[in-house]
Amino acid sequence: MNILFIGHVPMIPTAGGIERMTVIISKELRTRGHFVAFLSTSSKCNTDCVSGFPQLYINAAGPDAGNKFMSMIKELDIDIIVNQFPDANTLALQKYIQGVVKSIAMIHSRPFPILGLERKAKLLTMPGTLKGHILKLTGILTPGLYRIFINRYYRSLYTRAAELSDKICLLSSKYTDRLLKHAPDIDSRKITIANNPNTFPEIPDIKEWKDREKVVIWVGRLIEPQKNVVGFIDVWNKFHQNNPDWQAKIIGDGPARKAAEEYARKKQASDIEFVGNIVNPEKYYSTARFLCMTSLYEGWPMVLPEAMAYGCIPCAFASFEAIEDIIDNGHSGLLSYSLDPADMADMMSSAATKTEDMGMMAHNATVKIAEFSPERIAGKWIMLFNELLSHHGS
């Protein structure tokens, strides 16, 4: 079977979660004898490319893009196309192969991600242009108007992706009702489900929770409003008041880093370090006691199962439905349903004193993520591919 993953960026695993999971699944597919290639619509992959996988490029808005794309499909004898980043450019390419090659559009976020959070999302936005500031002010002052605008955008995007694809894939069955409620024109028979795989294999010699450093880590790309980095700083300040011998480390980089550092100074946050980008965050997962995630919305965040694989207990805002697929609250991690930093901090402070209970929770976390092994997830993808190809031409 010959499979092409397309997106608006090259598939560089260190660039982000979607790219990382694509490479993980692709490696597993390759071990089973399938050919896999990647295609970007924005730029060629000049550095950090993954060996063994062709990294292709087409300017989707360029002249003769359709013919170039079809020639590429024919030359590689592609059977299945998976659109990992449905947008105007990638969907424009899908249009050329509709009815010719089977295709799947993947929604890697919670559908309609900021529905009901419009004002808070705009408050956290850090625009860099005058237009951005105007849009932010509009969203804050008239959240209802902003909701109409943003919902129309996502409804149009999801509906178009479903029209052009044989299947539209969600990260969790818990997202199905939300998608169909707000995009009712989508044919429910096209919806399929595939969780993200865990990044790491089974880890030997995991350090006992009681022997770990008294450290809370936050891991991710520093972007607002989605990641809500300032929310973590608020959690940390409250937690640190009761746990002065602990430290916090923010691992990652991004456009919101400078503003987050300024916020930390303004709030007089102490014992907090901005580590920056780390290619291999395993050393932090393997030694920290808690991973804290304060995102306003996610799809299936890779950092949670990554931390769990190393016995680092996840503490997260329950801001998206699929989080209950990943974490069993009170058993393999801790969830805050109020989305209140003070509540999260109190929950973590209480847990920090229960060493024996946390040791068991850390163990449960390592067991839980076995459900999302690359072998299992790749197997589900192959079943989906075979299902589509068995109906080829229908």
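**Figure 1. In which order do seven strands form an open sheet?** The order is β3-β2-β1-β4-β5-β6-β7, and the pairing is parallel. This is a predicted model, where local features need pLDDT of at least 70 and side-chain atom pairs pLDDT 80 or more, while totals for chains, interfaces and linings use all residues. Numbering starts from 1 along each chain as its sequence is written, and side-chain values use heavy atoms, without hydrogens or water. Strands (E, at least two residues) and helices (H or I, at least four) are DSSP runs, numbered from the N terminus. Strands pair if DSSP finds at least two bridges between them. β3 (55-57) and β7 (191-193) are the edges of the sheet. Each has a single partner strand, so one side of each is left without a neighbour in the sheet. Neighbouring strands are turned by 30° against each other on average, direction ignored. Angles run from 0 to 180 degrees between N-to-C directions, with axes fitted to C-alpha atoms, for helices over the stretch in contact.

**Figure 2. Strands β5 and β6 pair in the parallel sense.** β5 covers residues 102-106, and β6 covers residues 167-170. Three bridges join the two strands. Look for I104: its bridge partner in β6 is K167.

**Figure 3. Helices α2 and α15 each lie across strands of the seven-stranded sheet.** Helix α2 spans residues 65-76. It lies across β1 (2-7), β2 (35-40), β3 and β4 (80-83). The direction of α2 makes about 165° with β2. Helix α15 lies across β1, β4, β5, β6 and β7. Its run is at about 140° to β5. The phi of D77 is positive, near 55°, and D77 is a residue other than glycine.

**Figure 4. Six strands form an open sheet with parallel pairing.** Their order is β10-β9-β8-β11-β12-β13. At the edges are β10 (272-276) and β13 (334-336), each pairing on one side only. From one strand to the next, the twist averages 20°. Strands β8 (residues 215-219) and β11 (residues 290-293) run parallel and are joined by two bridges. Here I217 has L291 of β11 as its bridge partner. Helix α8 (residues 229-242) packs on this sheet. It touches β8, β9 (247-251), β10 and β11. The direction of α8 makes about 170° with that of β9.

Figure 5. The peptide bond from E224 to P225 is cis, with omega near 10°. Q268 is not a glycine, yet its phi is positive, about 55°.

**Figure 6. Helices α1 and α15 pack with their axes 9 Å apart.** The angle between α1 and α15 is about 75°. They are therefore roughly perpendicular to each other (65 to 115 degrees). Contact means heavy atoms within 4.5 Å. From α1, the contact takes I24, I25, E28 and L29. From α15 come P374, E375, I377, A378, W381, I382 and F385. These residues divide into nine nonpolar, no polar and two charged. Ala, Val, Leu, Ile, Met, Phe, Trp, Tyr, Cys and Pro count as nonpolar, Asp, Glu, Lys and Arg as charged, and the others, Gly among them, as polar.

**Figure 7. The second largest pocket holds about 340 Å³ of space.** Lining it are 17 residues. Closest to the centre are N198, F200, P201, E202 and I369. Helices α1 (17-31), α14 (355-368) and α15 (374-390) each supply at least two lining residues. The lining divides into ten nonpolar, four polar and three charged residues. A pocket is an open set of points on a 1 Å grid over the protein atoms alone, where a 1.4 Å probe fits, with protein on both sides within 12 Å along at least five of seven lines; lining residues have an atom within 4 Å of a point. Points are joined across faces, edges and corners, and the volume is the space filled by probe spheres set on them.

Key. Angles under 35 degrees count as roughly parallel, over 145 as roughly antiparallel, 65 to 115 as roughly perpendicular and the rest as oblique.
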